[in-house]
Amino acid sequence: MPLLDIVTYPNKILKQISKPVERFDEELHKLLDDMYETMIAKNGVGLAAIQVGVPRRALIIDIGDEEGKQSKNTLIEVINPEFLVWDGIHKDTEGCLSVPDYFDEVERYATVKVKFFDRYGKEHIMDAEGLLSVAFQHETDHLDGHLFIERLDYIKRKKFEKEWKKLLKQQKQKRKK
Ligand code: CO
């Protein structure tokens with residue numbers, strides 16, 4: 001199965017607000033399957049449809065089991081998510097497949113209660129804390145056109161812009177070789 005291309009910062013596609021999924025059909029299932037293959041191949045724990053250029057409110061999360069081992073058993077497919085409750089503060093280091101090789105600490109809610117649909121259109125309500133809670137918030141941000149780097153404070157954002165320029169230069173040189 002060919003892997004999907006991941007859209008990276010600063011591509012404007014990432015700023016689009018994704019539209020709700022209306023049909024829970026084959027096309028959605030194929031998108032979710034391809035997204036999973038792509039996410040695993042890139043060592044990610046979350047991926048939103050807009051990151052592969054599809055502006056729909058669909059995302060996947062797989063933070064793995066207690067040992068961090070990922071499989072279809074630990075995969076959560078999230079369609080049209082909606083936060084019902086959020087509470088507390090949790091700071092953790094985040095990264096994003098659309099901002100490759102950059103990691104920084106972001107402040108999020110500690111716990112969230114999320115309502116969403118699975119690939120068959122069945123409704124689920126889930127309580128999440130820790131890494132799972134962060135993943136829900138990070139991925140849902142993508143659906144609203146936001147990246148985690150927008151949540152960094154001014155000084156960290158400046159640090160990011162500097163490091164990002166350096167990373168882009170290195171990637172260009174790598175491609176030349
Ligand atoms: Co991301």
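Predicted model: local features only at pLDDT ≥ 70, side-chain atom pairs only at ≥ 80, totals over all residues.
Trainee: Let's start with the metal. What makes Cys96, His138 and His142 donors of the cobalt ion?

Mentor: A donor is an N, O or S atom within 2.8 Å of the metal. Here the atoms are SG of Cys96 and NE2 of both His138 and His142, and they lie 2.1 to 2.2 Å from the cobalt ion, so they qualify under that cut-off.

Trainee: What spacing do the donors follow along the chain?

Mentor: The pattern is C-x41-H-x3-H. Cys96 belongs to strand S4 (residues 90-96) while His138 belongs to helix H2, so this pair ties together parts 42 residues apart in sequence.

Trainee: Why are Cys96 and His138 called buried?

Mentor: Buried means under 20% relative accessible area. Cys96 comes in at 9% and His138 at 6%, so both get the label.

Trainee: And helix H2 itself: how do you know that its length agrees with its number of residues?

Mentor: Take 1.5 Å times one less than the number of residues. For the 14 residues of H2 (residues 130-143) that should span 20 Å, and the end C-alpha atoms are 21 Å apart, which agrees.

Trainee: Why is H2 described as largely enclosed by the rest of the structure?

Mentor: Because twelve of its 14 residues are buried. Among them are Leu132, Phe136, His138, His142 and Leu143.

Trainee: Which element gives the most to the lining of the largest pocket?

Mentor: H2 again, with six residues. The pocket holds about 560 Å³ of space. Of its 25 lining residues, the closest to the centre are Asn43, Gly44, Gly95, Cys96 and Leu97, so one of the cobalt donors, Cys96, is in that group. S4, S5 and H2 are the elements that give two or more residues to the lining.

Trainee: How does the lining of the largest pocket divide by class?

Mentor: There are eleven nonpolar, nine polar and five charged residues. The second largest pocket, with about 310 Å³ of space, has a lining of four nonpolar, no polar and seven charged residues.

Trainee: On to the rings. How many aromatic pairs does a search of the whole structure find?

Mentor: Seven. One of them is Trp86 with Tyr109, at 6.3 Å centre to centre and 40 degrees between the planes.

Trainee: Why is the pair of Trp86 and Tyr109 called tilted?

Mentor: Centres within 6.5 Å make a pair, planes under 30 degrees apart are stacked and over 60 are edge-to-face. The values for Trp86 and Tyr109 are 6.3 Å and 40 degrees, so they pair, and tilted is what remains. Trp86 is in strand S3 (residues 76-87) and Tyr109 in the loop between strands S5 and S6, 23 residues apart.

Trainee: Which residues do ring pairs link into a cluster?

Mentor: Tyr9, Tyr102, Phe160 and Trp164.

Methods:
Residues numbered from 1 in each chain as written. Heavy atoms only, no water. Phe/Tyr/Trp six-rings, centres within 6.5 Å; stacked < 30°, edge-to-face > 60°. Helix = DSSP H or I, 4+ residues; strand = E, 2+ residues; numbered from the N terminus. Buried < 20%, exposed > 50% of the residue type's maximum accessible area, 1.4 Å probe, protein only. Donors = N, O, S within 2.8 Å, 3.2 Å for Na, K, Ca; no water. 1 Å grid on protein atoms, 1.4 Å probe; cavity = no way out; pocket = protein on both sides within 12 Å on 5 of 7 lines; lining within 4 Å. Points joined across faces, edges and corners; volume = space filled by probe spheres on them. Nonpolar A, V, L, I, M, F, W, Y, C, P; charged D, E, K, R; others polar.
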